[in-house]
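Here are my notes on the model you sent. They are set out as numbered points, from the overall picture to single residues.

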Amino acid sequence: AGTFSGAAASTCAAGKFSLAGSTICTDCSANTCTACTSGWTSPAASSSCTMCTAGSAVQTGTCSQCSAGTFSGDAATSCPTCSAGTFSAAGASTCTPCTPNTFSASAGSSTCGACTTGWTSPAGASACTQCPAGSAVTAGTCSTCAAGKFSLAASTVCTDCSAGTSSSAAASTCGNCAAGTWSGAAASTTFSGAAATTCGNCAAGCF
């Protein structure tokens, strides 16, 4: 075996084989003769095997590109699915974490979706989180409203309390000044105006 007889016995060339008593050498079919190592392939009549590179895997005897939402390293025999919070394009060698304020809820994602207005997420998130009342989205994160301001859940800004009301930090509403106290003119930054943190006592003789 491995030789054939014509006028004289000859050795089969690389990529071919023969059985005992053969008069010809026959091409090896794909991935036969000497089996390729796992994750490597060869075409018919090949004298060597070729490694499947990262982003592809041996599928039905050939190296096939991994589909979007999957990945592989070198010499792979399968393309694992990307986990939730990550994504990949076709032919990826790794999965990429979603950037802050985006998410992928399901495994095998090819893209990450943007968070709804008033919601945020860290890198690699599988879901977004609503900013609670008393905070607002600032530079991509939920920031607490300062005293004299308020917000509802999922807000993008903290709103000044109106004249006649006040609030402490992280407030969801502004409270009315109690009887005998006040906060006055709009745009003031003290207790006497809008955005008041406290209500001042009325002067003697006033109510």
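**Notes on the model**

1. Of the 207 residues in the protein, 28% are buried. The model is a predicted one, and its accessibility values should be read as such.

2. The secondary structure consists of 22 strands and 0 helices. Among contacts between residues at least 6 apart in sequence, 19% join residues at least 24 apart.

3. The protein exposes about 11100 Å², and carbon and sulfur atoms supply 59% of that area.

4. The structure holds 10 disulfides. Three of them are taken up below, among them the link of Cys66 and Cys79.

5. The sulfur atoms of Cys66 and Cys79 are 2.0 Å apart. The disulfide is left-handed because the torsion about its S-S bond is about -75 degrees. Both cysteines are in the loop between β8 (62-65) and β9 (86-87), 13 residues apart. Cys66 is buried at 1% relative accessibility. Cys79, at 18%, also counts as buried, since the cut-off for that class is under 20%.

6. Cys131 and Cys142 form a disulfide with an S to S distance of 1.9 Å. This link is left-handed too, with -95 degrees about the S-S bond. Cys131 is in the loop between β14 (129-130) and β15 (135-138), while Cys142 belongs to strand β16 (residues 141-144); the two are 11 residues apart. Their burial should be noted separately: Cys131 has 0% relative accessibility and is buried, whereas Cys142 has 34% and is partly exposed.

7. The disulfide that joins Cys161 to Cys174 has its sulfur atoms 1.9 Å apart. A torsion of about -80 degrees about the S-S bond makes this disulfide left-handed. Cys161 is buried, at 0% relative accessibility.

8. Where is Ser151 placed? Ser151 is in the loop between β17 (149-150) and β18 (159-160). With a relative accessible area of 2%, Ser151 is buried. A polar atom of the Ser151 side chain lies 2.6 Å from the backbone oxygen of Ser135.

9. Which residues does Ser151 contact, leaving aside neighbours within four places in sequence? The list includes Pro132, Ala133, Gly134 and Ser135, and also Cys145, Val157 and Cys158. Ala171 and Ser172 are in contact with Ser151 as well.

How values were computed
Residues numbered from 1 in each chain as written. Predicted model: local features only at pLDDT ≥ 70, side-chain atom pairs only at ≥ 80, totals over all residues. Heavy atoms only, no water. Helix = DSSP H or I, 4+ residues; strand = E, 2+ residues; numbered from the N terminus. Buried < 20%, exposed > 50% of the residue type's maximum accessible area, 1.4 Å probe, protein only. Polar contact = N/O pair within 3.5 Å; in protein donor to acceptor, adjacent residues only side chain to side chain. Contact = heavy atoms within 4.5 Å. Areas by Shrake-Rupley, 256 points an atom, 1.4 Å probe, with all protein chains shown as cover. Disulfide = S-S within 2.5 Å.
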